[in-house]
Amino acid sequence: MKTTILVCSMLLLLSGLPIDQELEPLVQVKTELYMGLSDRDGKPIPKRKWEAFKKGPLVDLLGGYTELPANGYWRNEKGHAYTEKSVVIVYVHEHNSAEDQKIDSLIALFKEEFDQESVLQIDTQVAYSFE
């Protein structure tokens with residue numbers, strides 16, 4: 001145990017950090033945007049239009065993201081069941097007002113461009129590393 005404490009203390013000294021300073025974890029926010037690929041009338045969004053949106057506003061606003069294919073299922077207030085091809089956009093970013101504004105702008109553009117009622121947004125605090 002004493003050896004472990006000594007080794008950790010030596011590493012902190014060599015790193016130039018004060019011994020009593022804690023290392024900050026790499027914590028950010030993971031935003032998931034669930035986007036339907038059909039308009040309000042149930043017509044599929046043309047693939048070329050989705051591809052243009054990805055190469056335009058999506059990458060322009062976010063810079064980088066992960067796209068996952070999905071299928072959405074829900075029941076409306078009258079009990080009618082629906083299914084829809086969808087995508088989930090995963091975006092890891094700092095939590096600040098500038099990032100929030102980018103995401104809000106992206107959602108508004110998507111809803112307008114593809115005649116969507118809504119986009120499900122889920123934000124989760126995450127720790128990350130590249131290895």
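1. Both Phe53 and Phe110 are buried, where buried stands for under 20% relative accessible area, exposed for over 50% and partly exposed for what lies in between, with a 1.4 Å probe and protein chains only. The model is predicted, so local features need a pLDDT of at least 70 and side-chain atom pairs count only at pLDDT 80 or more, while totals for chains, interfaces and linings use all residues. Residues are numbered from 1 along each chain as its sequence is written, and side-chain values use heavy atoms, with hydrogens and water left out.

2. The protein chain has three helices and four strands, and from the N terminus on these elements follow the order α-β-α-β-β-α-β. Helices (H or I, at least four residues) and strands (E, at least two) are DSSP runs numbered from the N terminus. Of the 131 residues of the protein chain, 26% count as buried. Among the contacts (heavy atoms within 4.5 Å) in the protein chain with a separation of 6 or more, 63% come from residues 24 or more positions apart.

3. Which residues form one aromatic cluster? The cluster consists of Trp50, Phe53, Phe110 and Phe114. Rings of Phe, Tyr and Trp (its six-membered ring) pair if their centres lie within 6.5 Å, and planes under 30 degrees apart count as stacked, over 60 as edge-to-face and the rest as tilted; by this rule the count comes to seven aromatic pairs. The rings of Trp50 and Phe114 have centres 6.4 Å apart and planes at 55 degrees, so this pair is tilted. The pair links distant parts of the chain, since Trp50 is in helix 2 (residues 47-62) and Phe114 is in the loop between helix 3 (97-113) and strand 4 (120-127), 64 residues apart. Trp50 counts as buried at 5% relative accessibility, and Phe114 is buried with a relative accessible area of 4%.

4. Helix 3 deserves a point of its own. Its buried residues are Glu99, Ile103, Leu106, Ile107 and Phe110, and they cover an arc of only 95 degrees around the axis (taken from the directions from the helix axis to the C-beta atoms), which puts them on the same side of helix 3. These buried residues pack against strand 1, helix 2, strand 3 and strand 4, whereas the face turned away from the buried side carries the exposed residues Ser97, Gln101 and Glu112. Just after helix 3, Asp115 takes a positive phi of about 50 degrees.

5. Leaving aside residues up to four places away in sequence, Thr31 touches several residues, including Ile103 and Gln121.

6. Ser86 lies in strand 3 (residues 81-93) and is buried, with a relative accessible area of 12%. The side chain of Ser86 reaches the backbone oxygen of Glu84 at 3.2 Å.

Terms used
Polar contact = N/O pair within 3.5 Å; in protein donor to acceptor, adjacent residues only side chain to side chain.
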